[in-house]
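Open the model in your viewer and keep the selection tool to hand. The stops below say what to select next and what is there.

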Amino acid sequence: MQRISRISWFVAVIVAALSSSLWLTGASAAPPAESNWWDPPNRPAADSEINVTGEPFRGTAPNGDVRGFADIHNHLMTNEGFGGRMICGKPFDEAGIEEALKDCPEHYPDGAGALFENLTSDPDWRHDPVGWPTFKEWPRHNSLSHQQNYYAWLERAWRAGQRVLVTDLTSNGLICSILPRDRGCDEMESIRLQAEKTYDMQDYIDKVYGGEGKGFFRIVTTPEQARTVIESGRLAVVLGVETSEPFGCKQVLDVAQCSKADIDRGLDELHGLGVSSMFLCHKFDNALCGVRFDPGTLGTIINVGQFLSTGTFWQTQQCPGPEHDNPINGASVPKIEEKLPAGVEVPSYPDGAQCNVRGLTRLGEYALKGMMRRNMMVELDHMSTKATGRTLEILESVDYPGALSSHSWMDLGWSERVYRLGGFIGSYDSASKGFVAETDRSRPLREKYDVGLGFGSDMNGVGGWPAPRGEDAPDKVVYPYRTVDGGSLVDRQVTGERVWDVNVDGGAHYGLIPDWIEDIRRVGGEKTVKEMFRGAQSYLDTWGATTSYVDPTDLAAGSRASASSVEWHPWTSYAAGQAIDGDTSTRWASNWSDDQWLQLDLRSTQTVGRVVLEWERAYASAYRIEVSTDGSTWRQVWSTDAGNGTIDTAQFTPTSARYVRVHGVRRATSYGYSVREVAVYAR
């Protein structure tokens with residue numbers, strides 16, 4: 001890598017100073033560092049070039065915010081998942097690039113052996129399997145099984161302005177079992193190995209940079225650590241988990257294969273590994289939640305895989321609202337379908353029924369609340385619409401801010417609820433024109449909630465990446481170009497004998513992320529790029545609010561409950577106190593008439609501003625919340641005639657009260673009213 005000249009450095013500073021936007025200007029004073037701290041002294045003689053000149057920006061913006069792009073969904077270590085042989089190549093190797101990005105022997109002689117590639121990307125694709133130094137045909141934007149995350153490619157993205165990278169540790173036991181492999185298929189064992197390898201990668205980069213702590217790649221476990229790293233001009237790396245059956249929580253014929261104790265042990269272990277965010281379900285319906293379907297060929301493969309793992313195919317129903325799951329197109333994949341037992345076929349699905357019947361299970365709710373107790377961020381992507389709605393209701397009931405949608409796998413109809421909580425959203429690393437169009441549509445919400453924009457590259461995540469727009473595109477990327485902060489110059493990326501150009505190669509590997517961002521800017525996305533440059537700060541805002549979150553005090557705990565009536569049952573009690581016992585398997589149930597109430601005596605006058613109700617199937621379509629200081633004179637503080645029978649959060653101007661009453665006006669069923677739990681909060 002060439003070092004920038006003093007003249008070029010001076011020009012870069014002048015360009016930055018003349019910028020009219022504060023988001024590009026004056027960083028606060030950064031800690032002093034040795035000369036050319038960004039230029040590693042021990043880079044191997046044979047290695048990828050970076051092709052970025054100029055000192056990476058450090059410090060903060062004038063308002064104290066950190067700056068930089070945030071990729072909140074990547075998979076650095078997928079090569080260690082799925083049995084260890086699905087992804088060819090490694091993100092680093094102690095022996096250097098010749099070993100990390102060597103040929104793919106399983107793909108010889110002409111790509112025909114690339115089983116997963118040929119099933120999911122192009123069954124007729126024949127390609128040169130040779131890696132270093134020629135890279136004639138891999139990696140490429142639509143290749144799903146070649147390494148895209150080599151450390152020097154990450155280094156290029158960091159040098160060009162990226163400051164947050166979330167790497168999701170991932171695997172799938174069933175897919176592992178049907179692919180060539182060199183290890184076992186236990187998902188949690190794979191997660192442990194990938195976490196270990198991520199720390200090994202940090203150590204390797206430190207060696208390249210001259211010693212412990214000197215590398216650009218810094219694993220962080222708190223938002224405070226991340227801020228310090230970003231202010232120093234380096235890349236904050238956050239661990240997440242995206243796996244199909246975490247803690248062994250699969251379901252077989254609808255029977256959960258894990259317990260609450262398994263979930264607690266698993267969450268404690270992940271928390272101990274430094275994991276800050278995770279998905280409760282991914283690809284397969286499991287014992288925690290139903291998934292948002294994959295469409296097309298990949299959807300058929302995953303649906304077959306789910307059946308082989310669980311004994312059940314995806315099941316659909318009419319969507320109750322405008323939000324929906326992905327359509328199931330019914331693509332035929334004979335090589336996978338032949339693995340089904342004789343006489344078993346992939347179901348056909350009606351066009352109008354696009355929502356998964358499975359939502360968030362009771363075990364899933366337990367796991368969600370366990371994540372909240374550990375101040376972890378919850379990934380909503382890949383959850384079914386039904387599961388997402390329930391998850392948001394639970395988060396909203398206690399104002400928990402840790403909600404993430406990291407790579408466009410959540411219905412956009414949920415976006416405002418995520419932002420209202422204080423959550424963060426990233427858009428998938430898609431073609432620049434589509435990315436700009438999508439972010440233009442969602443911009444009013446970001447402006448309303450004053451947040452930046454993340455992106456999810458999903459590199460090595462089996463998704464596909466931006467196709468090239470062509471050398472003749474009128475608004476193509478022109479090399480070299482300036483980074484967004486104006487301080488560095490970016491030229492075409494060179495690895496071995498291969499010269500990469502985003503105009504002709506698209507999003508082939510991680511080193512082209514800066515070029516993709518420049519492509520976004522070129523096609524009319526100046527506003528989008530500015531929002532992306534705020535991504536690091538907005539991600540830290542959500543993470544910080546999550547780690548500092550403290551459970552609000554439930555004023556109903558320890559209160560006295562009474563009711564207008566109690567349904568009689570010879571073996572089960574439905575007494576009023578069952579709605580405040582902290583157990584969602586018990587409930588209060590009234591007689592079968594409209595005008596009924598449940599009353600709580602908080603034992604002393606308190607400030608009351610929010611009441612949360614978890615209904616059983618017999619819910620109120622219309623009801624009101626009343627309060628009183630003496631138990632005889634009541635004031636209505638909230639009402640609805642659109643109850644939907646899930647978790648309702650009634651929020652109102654805080655007021656003084658000793659007594660709180662839920663007063664039913666109209667039943668939604670022919671039964672009475674039935675409440676599993678009621679909670680009361682100050683605000």
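Select S442 in helix α14: a kink of about 50° lies there, shortly before the proline P444. The bend at a residue is the angle between axes fitted to the seven residues ending there and the seven starting there. Helices (H or I, at least four residues) and strands (E, at least two) are DSSP runs, numbered from the N terminus. This is a predicted model, in which local features need pLDDT of at least 70 and side-chain atom pairs count only at pLDDT 80 or more, while totals for chains, interfaces and linings use all residues. Residues are numbered from 1 along each chain as its sequence is written, and side-chain values use heavy atoms, with hydrogens and water left out.

Now show the whole of α14, residues 432-449. Its 18 residues reach 24 Å from the first C-alpha to the last, close to the 26 Å expected at 1.5 Å a residue (1.5 Å times one less than the number of residues). Colour its buried residues, among them F435, V436, S442 and R446; buried means under 20% relative accessible area, exposed over 50%, partly exposed in between (1.4 Å probe, protein chains only). The buried residues of α14 pack against α13 (415-421), β13 (424-428), β14 (454-456), α16 (513-522) and α17 (526-533). Contact here means heavy atoms within 4.5 Å. After α14 comes D450, with a positive phi near 55°.

Next, select S457, in the loop between β14 and β15 (481-482). Is S457 buried or exposed? At 0% relative accessibility, S457 counts as buried. Leaving out residues up to four places away in sequence, S457 touches D71, H73, N74, Y428, D429, W465, Y510 and I513.

In the loop between β14 and β15, go to P480. A cis peptide bond joins Y479 and P480, with omega about -10°. Another cis bond joins Y108 and P109, with omega about 0°; P109 is in the loop between α2 (97-100) and α3 (115-120).

Select H382, in the loop between β11 (377-379) and α12 (385-397). H382 is not a glycine, yet has a positive phi of about 80°. Its relative accessible area is 2%, so H382 is buried.

Finish with helices α7 (residues 223-231) and α18 (residues 535-547), whose axes come within 9 Å and cross at roughly 155°. The two helices are therefore roughly antiparallel to each other (over 145 degrees between N-to-C directions). P223, A226, R227 and I230 of α7 meet A536, Q537, L540, W543, G544 and T547 of α18.

Conventions: Axes are lines fitted to C-alpha atoms, for helices over the stretch in contact, and angles run from 0 to 180 degrees between N-to-C directions. Angles under 35 degrees count as roughly parallel, over 145 as roughly antiparallel, 65 to 115 as roughly perpendicular and the rest as oblique.
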